[in-house]
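Thanks for asking me to look this over. Could you open the model alongside these notes and follow them point by point?

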Amino acid sequence: MDDLTLPFESKYFPRKKYAEMYRRSLEKPEEFWAEQAQNLDWFKPWDKVLEWNPPWANWFAGGRLNASYNCVDRHTKTWRRSKVAIYWEGEPGDTRVLSYSTLYTEVNKVASVLKKLGVSKGDKVALYLPMIPELPIFMLACARIGAPHTVIFSGFSAQALADRINDVGAKILVTANGGYRRGKVLNLKSMSDDALDMCPTVKTSIVVSRTDNEVKMKEGRDFWLHDLMKKADAYVEPEALESNHPLYILYTSGTTGKPKGIVHGTGGYLVHNYSTYGWVFDLKEESVYWCSADVGWVTGHSSIVYAPLAHGAAIVLYEGSPDYPAIDRWWEIIEKYGVTIFYTSPTAIRMFMGQGEEWPKKHDLSSLELLGSVGEVINPEAWLWYYRNIGQERCPIVDTWWQTETGGIMISPTPGIEPMPLKPGSATLPLPGVAAEIVDEDGNPVKTGERGLLVIKQPWPGMLVGVYGDPERYEKSYWSRFPGMYFTGDYAVKDQDGYFWLLGRSDEILKIAGHRIGTAELEDAAISHPDIIESAVVGKPDRIKGESLVMFVKIREGVNESAELRKNITDHMRKTVGAFAVPGDIYFTSALPKTRSGKIMRRVLKAVASGEEVGDLSTLEDQSAVEAAIKSYQGLKKAEAEKK
Ligand code: ATP
Ligand code: MG
């Protein structure tokens with residue numbers, strides 16, 4: 001980092017505006033959030049900003065509003081009616097551009113379709129769609145009539161889809177005949193058919209025509225959207241919903257265990273997202289914003305649909321895979337649409353890093369003004385690669401920490417409030433209204449530089465309103481570890497400037513020979529080895545050391561899996577972290593098991609390394625990664641046996 005001067009350094013520091021805002025937001029939270037809430041349109045003002053019966057919150061109690069009205073209708077009453085809402089790019093290269101006024105027409109008609117099929121306020125609608133404009137359109141149409149949606153990522157299997165549909169008891173499933181992924185058609189309809197055989201609550205299915213493949217339509221159950229649209233009304237009155245009315249139910253990524261059905265309300269959720277989006281992304285009227293996440297994750301819900309559209313932003317939506325037809329597809333899209341704000345994940349950045357900087361170099365990325373990262377700890381190497389090769393040392397990077405449960409961004413740089421110095425690998429400071437603290441095992445704040453558990457000490461408007469159908473799990477998972485504080489489950493440390501550094505999940509702390517260290521820190525060290533692209537570190541029970549360190553590594557193409565490399569990596573770990581961090585085993589693998597949102601599933605590797613059963617794999621991206629890990633595990637064991 002020494003060779004790099006960040007353009008935001010000290011010039012603006014200390015950040016007076018942020019500091020004042022932050023202090024006021026915690027001292028007078030109700031006054032502060034009431035002001036923020038003025039940015040939305042309410043059908044009826046709230047009676048009370050917050051009703052707090054720990055751990056149950058009701059934000060803007062008594063207020064009534066509608067998310068679809070806030071994201072669409074209100075823009076059509078201004079010049080924005082002719083502004084682009086969505087630039088959509090299909091994987092084969094086909095495109096659609098929707099203005100706010102066409103979005104309005106579509107959302108109304110789809111809402112009418114749903115109503116005519118008997119969907120009413122409170123009914124659940126399952127959405128299993130590719131990344132096509134119909135996905136946000138259906139979400140907004142559901143919001144319009146007060147029917148909570150549950151979006152299921154289109155890469156999920158029939159079983160995973162059925163589990164989620166059954167958990168929420170959805171009345172309708174919306175799907176498509178197919179979607180494009182790496183040049184192939186993903187047959188969503190046949191997947192849906194298999195799922196629906198297991199889903200007694202779904203009586204109706206709407207099918208969007210996206211591809212040319214033949215599908216079976218079940219008489220009386222399945223309807224083509226284009227047929228239904230012919231009879232749709234042009235206007236559906238948006239329901240005036242109570243502020244706490246559930247906007248959606250969304251399942252967590254399942255990195256740490258069985259996914260939880262997180263419920264978000266309407267008023268608090270929108271206020272939080274509207275506010276934080278402006279603070280973090282510094283949106284301008286002329287910005288072109290692209291978040292590459294899938295709409296099936298919370299990032300897609302908050303940072304593709306609800307926050308940007310509530311602001312009247314122009315967004316890019318891309319259907320397909322980043323490497324189709326070649327690994328520069330994303331850079332091509334940025335150039336084509338003149339994207340100014342780009343938001344992606346560390347896992348994607350690391351993948352691009354492994355492919356070399358010649359790919360982004362082929363494109364004119366000069367439109368970019370701001371970059372973002374979300375989903376995992378971003379290691380400084382990846383941060384710097386992103387900063388140099390994509391942002392061309394011009395764009396600040398906002399590393400945004402949040403969770404499905406928090407609903408919106410919680411810790412992040414806020415160039416939208418005022419410019420600030422950044423540190424590669426740090427999510428920097430909590431946003432206004434976020435009482436983030438790092439505490440020890442007893443709930444007492446730790447000292448500067450000491451690792452601890454990240455908690456939130458005051459309710460915030462975007463917070464989950466519950467875990468679907470399981471109030472006990474809500475209390476137990478989030479509010480019982482430290483009474484009165486929200487438990488995030490993540491480890492973090494604060495530096496002398498008060499900056500937060502996330503260190504991974506608290507259940508991913510290894511205890512090696514008396515040392516406690518997070519997997520994230522060890523993986524960071526591993527990735528700084530020039531031959532390693534990705535790495536996952538897990539602990540394995542060890543009689544003497546308590547736990548021994550097991551490393552799974554993916555190495556650069558063309559590098560050999562030699563004994564010399566193994567030794568070299570061991571030396572590297574000793575040098576960068578310490579002698580205790582010398583791995584007991586190193587496994588070379590072609591792929592790491594990840595959730596479909598791109599997070600490494602260490603619990604799976606841990607099981608592999610200890611020769612145990614691997615557990616729930618429903619949210620796994622690629623089954624073959626587990627096989628690759630097992631193969632490499634068995635290979636090493638065999639080699640060791642032969643040596644003996
Ligand atoms: P589950 O809760 O089912 O185990 P999950 O926690 O992976 O799944 P998400 O809600 O999608 O599901 O992810 C939130 C988690 O992602 C955070 O708790 C944190 O561990 C990680 N995370 C997100 N953004 C960042 C970031 N900017 N820096 C570090 N970690 C991050
Ligand atoms: Mg989680």
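The numbered points below go through the ligand site, the cores, some helices and a few single residues.

1. A word on the ground rules. This is a predicted model, in which local features need pLDDT of at least 70 and side-chain atom pairs count only at pLDDT 80 or more, while totals for chains, interfaces and linings use all residues. Residues are numbered from 1 along each chain as its sequence is written, chains are lettered from A and ligands numbered from 1 in the order in which they are written, and side-chain values use heavy atoms, with hydrogens and water left out.

2. Let's start with ligand 1. Its shell holds 20 residues, the closest being Thr252, Thr255, Thr256, Thr404 and Lys599; a residue is near a molecule if one of its heavy atoms lies within 4 Å of it. By class the shell has four nonpolar, nine polar and seven charged residues, where Ala, Val, Leu, Ile, Met, Phe, Trp, Tyr, Cys and Pro count as nonpolar, Asp, Glu, Lys and Arg as charged, and the others, Gly among them, as polar. Strands S20 (397–400) and S25 (500–505) each supply at least two residues of this shell. Helices (H or I, at least four residues) and strands (E, at least two) are DSSP runs numbered from the N terminus.

3. Which atoms face the ligand's nitrogen and oxygen atoms? A polar side-chain atom of Thr404 lies 2.5 Å from an oxygen atom of ligand 1. On the backbone side, an N or O atom of Thr400 is 2.7 Å from a nitrogen atom of ligand 1, and one of Glu376 is 3.1 Å from a nitrogen atom of ligand 1. A polar contact here is a pair of N or O atoms within 3.5 Å; within protein, one must be able to donate a hydrogen and the other to accept it, and residues adjacent in sequence count only if both atoms are side-chain atoms. Taken alone, ligand 1 exposes 630 Å², and the protein buries 94% of that. Accessible areas come from the Shrake-Rupley method with a 1.4 Å probe; for residues, only the protein chains shown count as cover.

4. Next, the nonpolar cores. A nonpolar core is a set of buried Ala, Val, Leu, Ile, Met, Phe, Trp, Tyr and Cys residues joined through side-chain atoms within 4.5 Å. The largest one has 167 residues, and Leu103, Phe138, Ile165, Phe281, Tyr306 and Phe342 touch the most other members. Helix H5 (residues 134–145) gives the largest share of this core, nine residues. A second, separate core of 18 residues includes Ile512, Ile517, Ile532 and Met551.

5. In H10 (residues 298–311), 14 of its 14 residues are buried, where buried means under 20% relative accessible area, exposed over 50% and partly exposed in between (1.4 Å probe, protein chains only). Gly312 follows H10 with a positive phi near 75 degrees. In H12 (residues 346–355), the buried residues are covered by elements including H11 (329–337), S18 (341–344) and H14 (380–390), and Gly356 comes after H12 with a positive phi near 100 degrees.

6. Is Thr406 buried or exposed? Thr406 counts as buried because its relative accessible area is 0%. Leaving out residues up to four places away in sequence, Thr406 touches His264, His272, Trp401, Trp460, Gly462, Met463 and Tyr486; contact means heavy atoms within 4.5 Å.

7. Ser287 sits in the loop between helix H9 (267–281) and strand S16 (288–291), yet Ser287 is buried because its relative accessibility is 4%. A polar atom of the Ser287 side chain lies 2.8 Å from the backbone nitrogen of Lys284.

8. Asp497, in the loop between strand S24 (486–494) and S25, is partly exposed because its relative accessibility is 37%. Last, some backbone geometry to check by eye. Cis peptide bonds join Pro54 to Pro55, with omega about 0 degrees, and Tyr324 to Pro325, with omega near -5 degrees. Arg182 has a positive phi near 50 degrees without being a glycine, and Glu393, also not a glycine, has a positive phi of about 55 degrees. Glu393 lies in the loop between H14 and S20.
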